[in-house]
Amino acid sequence: MNAVLPGARWRNPLVAALAVAALQTAVLGYMIESRASILRNGKDVLLRSAPVDPRDLLRGDYVILTYDISRISPDIVAGGLPEETTRAVLFVRLREQADGFWGPVEASFGPLAQTTDSVVIRSLPFSYYPLLGAPPQTLQPNYGIERYYVPEGEGRVLETARDAHALSVNVRVNTDGRAQIRQVSVNGAQLYVEPLY
Amino acid sequence: MYRGRMERDLKRWVDLGLLPQSSASAMLAEYDARESTFSVGRVLLALAALLLSASLLLLVAANWEALPRLVRVSGVVALIWLFHFLGAYFLGRGAKAVGSALLILGTMSFGAGIALVGQMYHLSGDAADAMLLWFAGACLSAAAFASAAVTTITACLAWAFLITLFDSGGLVSAVESYFWLVPVLAAIVLTLVRYTNAGRTRHLAYLLCVTWLGALYVDNPGLWLAISFCAAGLIAFLLASLPRSPLYGLACEAGSAPSFYSFAVAVIGLIALQSEAEGVLAEATAGVGLLAIALMGIGVVGARNGAVRYLGYAVFALEILYLAFETLGSILGTSGFFLISGMVVALVAWLVIRVERRFGRVGEASR
């Protein structure tokens, strides 16, 4: 039953080790660089963080953040809502407001054109269910910036600040609309600054 | 264990003069020399590798600020290279157990690397993506080293992927394209199992498929789905079990598993049909269908496939009991409950004895 394995003819363990280790390293390197490039080249956007249901606050060693831009009114969606259940991506145009925070001015289920005074951020893919007969509901997209990992035991500081509406998060958004957290501040004083690597 | 039973039997045959002592010793020696033989040492080594990997993953999870991120990433990458090359070194020298344990450590280090990058850049909402990536890395290692141990890890990662989908609510709707990836992962694992000779790991893949079908039905209960489970399971069962089928050779190489799991899917489909059925006629039809499929399973492969035979017995007995209580239970009351149970169990016992005796005769005749 255990004759020569089919792969044994060409298999040299050292070649296999080189191939596996190199490819796995390349994958990790690609992951790191794809995020670091957003931090390096993205446009700065300041977002106000909004409180979430306290039961969801702390899971393990990360804090869950929601933002003012996590709720998008269907009124600002250009180009209409999907009519069938679908896997959708929402593009949201953000513009700087008088108070320095950025807010949503336009959204679309297709790509939006770039302009100099606005930033387009894209949501993670989500399942969209149209409700027959009911008015369209507020959309609640995630952008991939809803988690902030903190060193063990430091989550409470951020939680308290966020509950007091005092948390602001500076993200960088690249031309594809992908966002990356760069800096977390409480009452305008910076708490964490993210290094490139 | 099989070895203990075999040793006892060989000793008995030697005592009876059926077998010379030298042949018995040679047979045992051949068995012990086999690579797939269960060895406590090998299992403990694999467990040690898993414990060490767990400590590595927890170290990453602790988000230890004392070390700069870049140092942590470099450390994990260094571990990936170290474990794979050490594994290759030991495999090259023929130390299979140590080599496999090191390869497990290498694959787990890759997972730790993915988790670390996710933590560094605060990635959210893509746990399933991370699992897929880890699965792909493990598959690469399993294929490159033709390693049965890493193939088992890939099967576990495929399960972890399904559990991640459950956790994130991704199973709620069938539009989630990831949901449909689960059988693809199972197929990949089965291919690796064949390629690396990973034997029992195939059950993890088959169970993954059956669980996935169950989840599909729980999410979309409906007549058509129950019928398609039943039909597809039946067709797959016949393809795997009938000697005339083109897939028979392939299925036989995989042991009794293909027949058993396809039979199980057909049975699950019929049970679902019975739960969907409304009205006496529909319920009776579904019940007769279950009885028929149980008998058919026993008749078609019962002689060669113990797993299918016992599932067939169980389905037959439970269905008879169920039908008896659906039809007569309310009339007879508590004492009748035991009366009917006794009669049904006696009937099934009689059937089982007849069937087993028949299979015994068939076995003797073919010898």
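Chain A of this predicted model averages a pLDDT of 81, with 83% of the residues scoring at least 70, where pLDDT is the predictor's confidence in each residue, from 0 to 100. Over residues 53–60 of chain A the pLDDT is below 50, and this stretch has eight contacts in the model beyond near neighbours in sequence, a contact being two residues whose C-beta atoms, placed from the backbone, lie within 7 Å. Residues 1–10 of chain A also stay under 50, and for them the model has 10 contacts beyond four places in sequence. Within chain A, confidence is lowest in strand β2 (residues 58–59), at a mean of 38, and highest in strand β7 (residues 91–96), at 94. Where pLDDT is low, the predicted coordinates should not be read in detail.

Because this is a predicted model, local features need pLDDT of at least 70 and side-chain atom pairs count only at pLDDT 80 or more, while totals for chains, interfaces and linings use all residues. Residues are numbered from 1 along each chain as its sequence is written, and chains are lettered from A and ligands numbered from 1 in the order in which they are written.

**Strands β12 to β14 of chain A**

Helices (H or I, at least four residues) and strands (E, at least two) are DSSP runs, numbered from the N terminus, and two strands pair if DSSP finds at least two bridges between them. The two antiparallel pairings that involve β13 (residues 179–186) are set out here.

| Pairing | Bridges | Residues between strands | Positive phi in the hairpin |
|---|---|---|---|
| β13(A) and β14(A) | four bridges | two residues | A:Asn187, about 50 degrees |

A:Gln190 lies in strand β14 of chain A and counts as exposed because it has 11 C-beta neighbours inside 10 Å; the cut-offs are 20 or more other C-beta atoms within 10 Å for buried, 12 or fewer for exposed, and partly exposed in between, with C-beta atoms placed from the backbone. Leaving aside residues up to four places away in sequence, A:Gln190 touches A:Gln183 and A:Ser185, and its C-alpha atom is separated by 9.7 Å from that of A:Leu167, 23 residues apart along the chain.

**Chain B**

Chain B has 14 helices and zero strands, and its C-alpha atoms fill a box of roughly 75 × 65 × 45 Å along the principal axes. Of its 367 residues, 35% count as buried, and residues 24 or more positions apart account for 65% of the contacts with a separation of 6 or more.
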